[in-house]
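The entries below follow the order in which I went through them.

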Amino acid sequence: MNTDDVGTTKTIGTDEGVSIDAEIVRVYCPACGEEFIGTKRGAGGFIAGHEAYHEFVNRQDLIITSMGGA
Ligand SMILES: [Zn+2]
């Protein structure tokens, strides 16, 4: 999977099944700028994973700040 694949469709087999004519999309995380190229399903996992991660890290920072730490 690379930038040339964005906008194309692929039939991709996974352990769970086959995605027929899955569109390859490119998304990026506004919080850290990381980019992902892959199926929409993969992109959904990427976005959800980053949201969860950044929310977690932000919460840790808030807790540390509220305790008077750095
Ligand atoms: Zn991110």
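**Entry 1**

I looked up G44 and found it partly exposed, because 14 other C-beta atoms lie within 10 Å. The cut-offs I applied are 20 or more other C-beta atoms within 10 Å for buried, 12 or fewer for exposed, and partly exposed in between, with C-beta atoms placed from the backbone. I note that this is a predicted model, in which local features need pLDDT of at least 70 and side-chain atom pairs count only at pLDDT 80 or more, while totals for chains, interfaces and linings use all residues. Residues are numbered from 1 along each chain as its sequence is written.

I placed G44 in helix α1, residues 40-66. Helices (H or I, at least four residues) and strands (E, at least two) are DSSP runs, numbered from the N terminus. From G44 to S19 I recorded 15 Å, C-alpha to C-alpha, across 25 residues of sequence.

**Entry 2: The sheet**

I found three strands in an open, antiparallel sheet with the order β1-β2-β3. The edge strands are β1 and β3, each of which pairs on one side only. Two strands count as paired if DSSP finds at least two bridges between them.

I then took the pairs in turn. β1 (residues 9-13) runs antiparallel to β2 (residues 18-28) over four bridges, and K10 stands opposite A22 in β2. Four residues lie between β1 and β2 in their hairpin.

β2 pairs with β3 (residues 35-39) in the antiparallel sense over five bridges. Here I located Y28 opposite E35 and R26 opposite I37. The hairpin of β2 and β3 has six residues between the strands, and G33 in its turn has a positive phi of about 80 degrees.

I also checked the packing of the helix: α1 packs on the sheet and touches β2 and β3, its direction making about 145 degrees with that of β3. Contact requires C-beta atoms, placed from the backbone, within 7 Å. Axes are lines fitted to C-alpha atoms, for helices over the stretch in contact, and angles run from 0 to 180 degrees between N-to-C directions.

**Entry 3: The whole chain**

Along the sequence I read the pattern β-β-β-α. The radius of gyration is 17 Å, well over the 11 Å that the globule rule gives for 70 residues, so the chain is more spread out than a compact globule. That radius is taken over C-alpha atoms, and the rule is 2.2 Å times the number of residues to the power 0.38. Of the 70 residues, 3% count as buried.

Methods
Contact = placed C-beta atoms within 7 Å.
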